[in-house]
Structures are given as structure tokens and as C-alpha cells.
Amino acid sequence: DDTTITLDKPRDWPGSHTAVRVVFRNQTKLWCHFSGEITVATVDTLQLKFPEELFMLQRRQHYRINVPAGSSVTFLYNQKKCKLNIEDLSAGGMLLCTKDITGLPQPRHTIKNISITIPSEDKVAGAENGLLRFQVKEAEVARLFRNETSRTFCLGVVFSLTPAEEERIMKYIRQRELALLRKG
């Protein structure tokens, strides 16, 4: 609940500890941990005060956020304009998804004149008419894979950002992260 966490007691619990560190994987398979104070120990459970901090360990170089539904990207590839949905975004790149990969770039191919459009529910600096737009000159497709769950093809794209482009995207990512944390 909002004040306590109840855990199964480990079989080899010594019974003498009053503070613990809980390490686990969340639903997205990221390692997480928090420290807690034991308030009650029963035969098969440990009850802890609700932690003040939760730490998530990511191996990625850049923090990645899920973007709102309806986020899209357009870019040029082989003099053809392409439009795809964005799944997530970081200062290092983005994950794009589509049902059909016909005519789309393969790994190690470059895309240019990238325009990212994100619907903005909150009052985000730089948003106009409920849309936030980012321009990126160039990026490279790092990988292409099929997501069996959503039955889509996904392209992992790595940006080649100028410092100004990187700063603007990082600012949005921080704002979005804080907004998501506030919503719970």
C-alpha cells in the first residue's frame, strides 16, 4: 500500500537485521533496488516502511522515455519521404515501428532531414498548437528487428546530433520523465 511493502521472507533469513536492500527486476526487465527498514517480521513475511527512493539501473548510455501515442517521425531516405511511429526517444536515438518495411532503410544506412513530432499534453516549452517538433540533420539505422508481440518491424536509430539538438532533446526528456513520475 502507500505506507508499507510486504515481502516473502527468505528461507535463510537470520532474523537479526532491521535494514535491508531489495534488488529486483521490474516488468521491463530493468534491475531496480531500494533500501528499507523492517517494521514487522512474521513467520513468512517481512514488512518494510515504504521507501523514499527507488533506483533503476540502465545499461544504456542515454536515458530512454516512451513518447505519447501519435508521436511520429518523417525523414528522407533515397530521395523518398518516409513517415513512421516513434516508440521511444533518447538523446542518443529513437525506436521506430511500422507494419511494413518495404523501401525503408536497413542497418548501417543513413537517414537525413529528420523531423520528430510529439503531441504535447502538458505545457512543454517550445510546443506550438499542442505539438512539439525537433529537427535532426542525420542519423543511422543501427538495427532492424521484428517485435512478435506487436507484430511490427522496429528500427533502432542512432542520432548524429549537434550540441544544440542534443540539449533540446535532453530538456524534453527530463520534462517528460518528471511528468510521468508525477502521474505515477
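What covers the buried residues of helix 1 (163–183)? The cover includes strand 6 (65–66), strand 8, strand 10, strand 11 and strand 12. Buried means under 20% relative accessible area, exposed over 50%, and partly exposed in between (1.4 Å probe, protein chains only). Helices (H or I, at least four residues) and strands (E, at least two) are DSSP runs, numbered from the N terminus.

This is a predicted model, in which local features need pLDDT of at least 70, side-chain atom pairs count only at pLDDT 80 or more, and totals for chains, interfaces and linings use all residues. Residues are numbered from 1 along each chain as its sequence is written, and side-chain values use heavy atoms, leaving out hydrogens and water.

Let's look at both sides of the helix:

| Side of helix 1 | Residues |
|---|---|
| Buried | E165, I169, Y172, I173, R176, A179 |
| Turned away, exposed | P163, A164, L181, R182 |

Seen down the axis, the buried residues fall within an arc of 130° (taken from the directions from the helix axis to the C-beta atoms), so they line one face of the helix.

Now for the core. A nonpolar core is a set of buried Ala, Val, Leu, Ile, Met, Phe, Trp, Tyr and Cys residues joined through side-chain atoms within 4.5 Å. The largest one has 27 residues, and I116 is one of those with the most contacts inside it. Helix 1 supplies at least two residues of this core, while strand 11 gives the most, with five. Leaving aside neighbours within four places in sequence, I116 is in contact (heavy atoms within 4.5 Å) with residues including V73, L89, M94 and F159. Apart from this core lies another, of eight residues, among them I5, W13, V22 and F34.
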